[in-house]
Amino acid sequence: MDSAVFDPRPARADAPLNSASKHGLKIVIVGGFGVGKTTMVRAVSEIRPLDTEATMTNAGVGIDDPTGAPGKSTTTVAFDFGRISIDAEHVLYLFGAPGQERFWFLWDRLFAGALGAIVLVDQRRIADSWYAIDRLEAQRTRFIVACNNFGGAFRPDEVRDALDLEPHVPLIECDARSRESCKSVLISLVEHIYADAPRVETA
Ligand SMILES: Nc1nc2c(ncn2[C@@H]2O[C@H](COP(=O)(O)OP(=O)(O)OP(=O)(O)O)[C@@H](O)[C@H]2O)c(=O)[nH]1
Ligand SMILES: [Mg+2]
């Protein structure tokens with residue numbers, strides 16, 4: 001086995017859900033085609049994720065737009081699903097959205113009941129992220145923006161301006177291939193949700 005891709009986690013497909021689990025929290029990873037959504041779910045899930053990758057064939061010519069990620073041969077046609085147990089009672093469920101425009105109608109359904117969302121951005125194709133941000137704002141779903149490391153050269157304030165992000169929305173950098181980096185993104189999202197949540201006054 002290639003040591004660079006060796007995963008020390010034990011048999012992920014066999015990681016059963018803790019029987020004491022009571023609270024499921026849903027997080028959605030969304031963004032344009034080929035920004036790394038499936039890669040992120042795969043990197044951070046404790047179970048072997050469910051994915052719905054289909055080979056991109058000539059049948060998609062003129063319908064799908066593969067130009068943003070020319071080396072990519074498969075695309076998500078429904079969604080990715082992964083899981084992270086936080087403690088004995090709390091579990092995060094991760095849903096990776098499909099990126100091709102013809103599947104965007106699924107996004108609003110995926111956002112339903114979500115605690116929050118991560119908008120993954122490839123700095124070389126910032127405009128591909130506009131629709132995701134638009135939908136999340138329309139749905140009033142809290143989100144953060146994570147710039148995946150494809151080697152873009154813009155400063156964070158330039159990306160923020162290009163996305164017309166509200167000042168309170170965090171913008172961070174990540175590498176969707178790295179489990180540690182994905183964990184940091186999830187922690188940033190949860191911190192943002194916590195900071196942004198209305199406070200309940202206790203007597
Ligand atoms: N250089 C670099 N490549 C990455 C990174 N993250 C993902 N990739 C690669 O980019 C490609 C796209 O990854 P996917 O995870 O399939 O992208 P996606 O957003 O799920 O794509 P769709 O579901 O088809 O929209 C894959 O070949 C990944 O290996 C990254 O951080 N840096
Ligand atoms: Mg995908």
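To start with, does arginine 125 count as buried or exposed? After that, please go on to the ligand site.

Author: Happy to. Keep in mind that this is a predicted model. Arginine 125 counts as buried, because its relative accessibility is 13% and the cut-off for buried is under 20%. You'll find arginine 125 in the loop that runs between β6 (116-122) and α3 (130-139). Its side chain has a partner there: arginine 125 makes a polar contact, side chain to side chain, with aspartate 128 at 3.0 Å.

Now for the ligand site, beginning with the metal. The magnesium ion (ligand 2) is coordinated by two threonines, Thr38 and Thr76, each through OG1, at 2.0 to 2.1 Å. Threonine 38 belongs to helix α1 (residues 37-44) and threonine 76 to strand β3 (residues 74-76), so the pair ties together parts that are 38 residues apart in sequence. Both threonines are also tucked away from the surface: threonine 38 is buried at 12% relative accessible area, and threonine 76 is buried at 5%.

Those two elements turn up again around ligand 1. Its shell takes at least two residues from each of α1 and β3, and α1 gives the largest share, three residues. In total, 18 residues surround ligand 1, and the closest are Lys37, Thr39, Thr75, Asn148 and Asn149. As for where it sits, the space taken by ligand 1 is the largest pocket.

Zoom in on the oxygen atoms of ligand 1 and you can pick out some polar neighbours. A polar backbone atom of glycine 36 is 2.9 Å from one oxygen atom of the ligand. As for how well covered the ligand is, ligand 1 exposes 650 Å² when taken alone, and the protein buries 79% of that.

One more stop on helix α1, which also holds methionine 40. Methionine 40 is buried, with a relative accessible area of 2%.

Methods
Residues numbered from 1 in each chain as written. Chains lettered and ligands numbered in written order. Predicted model: local features only at pLDDT ≥ 70, side-chain atom pairs only at ≥ 80, totals over all residues. Heavy atoms only, no water. Donors = N, O, S within 2.8 Å, 3.2 Å for Na, K, Ca; no water. Helix = DSSP H or I, 4+ residues; strand = E, 2+ residues; numbered from the N terminus. Buried < 20%, exposed > 50% of the residue type's maximum accessible area, 1.4 Å probe, protein only. Near = heavy atom within 4 Å. Polar contact = N/O pair within 3.5 Å; in protein donor to acceptor, adjacent residues only side chain to side chain. Areas by Shrake-Rupley, 256 points an atom, 1.4 Å probe, with all protein chains shown as cover. 1 Å grid on protein atoms, 1.4 Å probe; cavity = no way out; pocket = protein on both sides within 12 Å on 5 of 7 lines; lining within 4 Å. Sits in = over half its atoms within 2 Å of the grid points.
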